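Reader: Could you walk me through a few local features of this model? I'd like the cut-offs along the way.

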Amino acid sequence: MIGGRELTIETGAWATLAAGAVTVRYGETVLLVTAQSSERPSTLDFLPLTVEFEERHYAVGKIPGSFLRREGRPGERAILSARITDRQVRPLFPKGFRQETQVIVTVLSADQINAPDVLAPLGASAALSISDIPWNGPCASLRVGYQDGRYLVNPTTEELERSQLDLVVAGSRDAVLMVEAGAREVDEELLVGAIEFAHREMQPLIDLQETMRHEIGQTKYPFTPPAAAPEFAELLEAARSAGLRSALLTPGKKERGLALRALREQLIAERVGDPAAEPERAALIAVALDRAEKAELRRLVLEEDLRADGRDSKTVRPISIAMHPLPRPHGSALFTRGETQVLGVATLGAGRDEILIDDLGTETGDKFLLHYNMPPYSTGEVKRLGGQSRREIGHGNLAKRAIRAVLPDYDSFPYVLRLVGDVLQSNGSTSMATVCAGCLALMDAGVPIRAPVAGVAMGLVMEGESYRILTDILGLEDALGDMDFKVCGTAQGVTALQMDIKIAGITPEIMRQALAQARAGRMHILDKMAAAMPQVRPQLPPTAPRILTTRINPEKIGQLIGPGGKNIRELEAMGAQIDISSDGTVRIYSTDAAAAEAVLARIRDSGREAQLGEEFDGTVVKITNFGAFINLYPGTDGMLHISQMAEHRLSAVEEVMRVGDKVRVKIVGIDDRGKIDLTRPELEGKVPARRAAR
């Protein structure tokens, strides 16, 4: 029992030809998770692991909404679920393992109460544990909520909506492996407590997998780590003698890279006469030199508290901020921290601009969008431009969770908000710079956020019992360090968190220190942001749409829309966008105040009830042989009988009016069916009334 509900892992009945396959059932949510590796090692110099998260719409009794009515490429939620699984299992593969490996998670049933995303890493661990694939598991994952002063294990969808915390934790028997969270400005100690709570609660899941592995697990196939250059110690000393320290401490990312490359080429040339003739030998030495660079950088951090750009472990890189660098967008900010630079741009839109969601969840739309882009020029590279990578989607989601916690609710500020973070330069912590730039762009656009949000990425260098936590890590420190711990929040508390590690795990004490150091760094960044943008702009920019709101009788919505949307199209042609809610709330968006007021007047007219005695300047819309139909206001016509058009008898209506003419009329009768009789006010008492006014 987990969180008061039964969780079951089964194997042996489904997908039996896969190296490892399990089904995970929690409530009525069912996942099939398989693990498979190739027979031969890859030639790539990294672990070729892919994790796929496949959503089947039949899992919730739906037919896909695409044109072909079949599932297409994974949606954002599926990609984020795949990333959570990948980040949990990847650190536990043996160093040097190069067999192409694939984990596929298929959601077969989703009860929309128990989320499948947190079950996927558990299923992946179980499938890998019982397979013949070398892997140092098992591990487990849990979601933790916090409500009314207590932690919740795997809260239901309904419970999560009321929770102050949405935390996913993955861990092994002895340590935490991965953390991801969104929160409502919670304090750091509450977070550490939640992580410790999750680690305790997941132990039965690890016990279950251990039992499965011992009773039915396959023998792991042999794996021998690739050979290393035998003279690593000698190469390290040679590199140090040749100026490795000086190269590592070269200011500037590009200059540092050139210095390290020159040193590497020099040392390889000294040991290999012709690298082209001895490529394997040259490759081994290159790998050994990479290890030497890593070892020296880590030594500098641990022994001298000295980093590649000359900072100590707690110093944040220099920050500069340019507010409103772009004249036309609604809000913009350029945030530069060291050699990382992000342009944040905010756009305010109408309700129809929300993104539509067609996945297995209950949500159908989202009124807050955050898109993170990292083009190849930001790292000085040339790559093919295509769709967003999983990394870009993951980084954007982290920034989105960080900022969402401080947004105004839609009822008080009824705009769809889109933030774009364009990475212009990258040398570490681009997602955190996106949080800062995006927050400043919203403030520049006049969005009344509750408090500014900043983010900082923390690193770790650990050798045995000795370790040092690093504030605001460089790209090099991310690659050569042991942890990437991103923390976002306000001055009040944490709003988002993400941790990935490359070692077997870290202790709660290290996390506690990292969070405290991150808070100090975050407060420093918030001070810099406050100096550049002390408060939200009091007025919306002139290019942003203004909103006028009114309410009509919900029974009149169809009348306002008109047949096939005819009335709405006519209103929007006046220069506005119109959104109608099912409760009768109507919002008018326009940058033209006069147009918005004109549309508002028309809408109020369309929702009004005609009253006896009211007078209108109506428009002739139809002529018959017995009279004319006059449009009084949108959706409401009255009939002016031919006898009420002139003091003398007319043989045809066309003698006094044509379609399109403006006519002053007065309501003199309304029958039980709502039909309206009109007269011309100036003729009252001069021509006989057709029926008594009621």
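Author: Happy to! Just after helix 11, Gly446 takes a positive phi of about 85°. Helices here are DSSP runs of H or I with at least four residues, strands are E runs of at least two, and both are numbered from the N terminus. This is a predicted model, where local features need pLDDT of at least 70, side-chain atom pairs count only at pLDDT 80 or more, and totals for chains, interfaces and linings use all residues. Residues are numbered from 1 along each chain as its sequence is written, and side-chain values use heavy atoms, leaving out hydrogens and water.

Reader: How far does helix 11 reach from its first C-alpha to its last?

Author: Helix 11 covers residues 430-444, which is 15 residues.

Reader: Why is helix 11 described as largely enclosed by the rest of the structure?

Author: Buried means under 20% relative accessible area, exposed over 50% and partly exposed in between, with a 1.4 Å probe and protein chains only. Helix 11 is largely enclosed because of its number of buried residues: 15 of the 15.

Reader: How are helix 10 and helix 11 placed to each other: parallel, perpendicular or oblique?

Author: The axes of helix 10 (residues 390-404) and helix 11 come within 9 Å and cross at roughly 45°. Axes are lines fitted to C-alpha atoms, over the stretch in contact for helices, and angles run from 0 to 180 degrees between N-to-C directions. Angles under 35 degrees count as roughly parallel, over 145 as roughly antiparallel, 65 to 115 as roughly perpendicular and the rest as oblique. Helix 10 and helix 11 are therefore oblique.

Reader: Is Ser163 buried or exposed?

Author: Ser163 lies in the loop between helix 3 (157-162) and strand 8 (165-171). Its neighbours in contact (heavy atoms within 4.5 Å) include Tyr146 and Arg184. With a relative accessible area of 4%, Ser163 is buried.

Reader: Which side chain makes a polar contact with the side chain of Asp500?

Author: Asp500 sits in strand 20 (residues 494-501). A polar contact is a pair of N or O atoms within 3.5 Å; within protein, one must be able to donate a hydrogen and the other to accept it, and residues adjacent in sequence count only if both atoms are side-chain atoms. At 2.4 Å, the partner of Asp500 is Arg87.

Terms used:
Expected span 1.5 Å × (residues − 1). Lists of a residue's contacts leave out its neighbours within four places in sequence.
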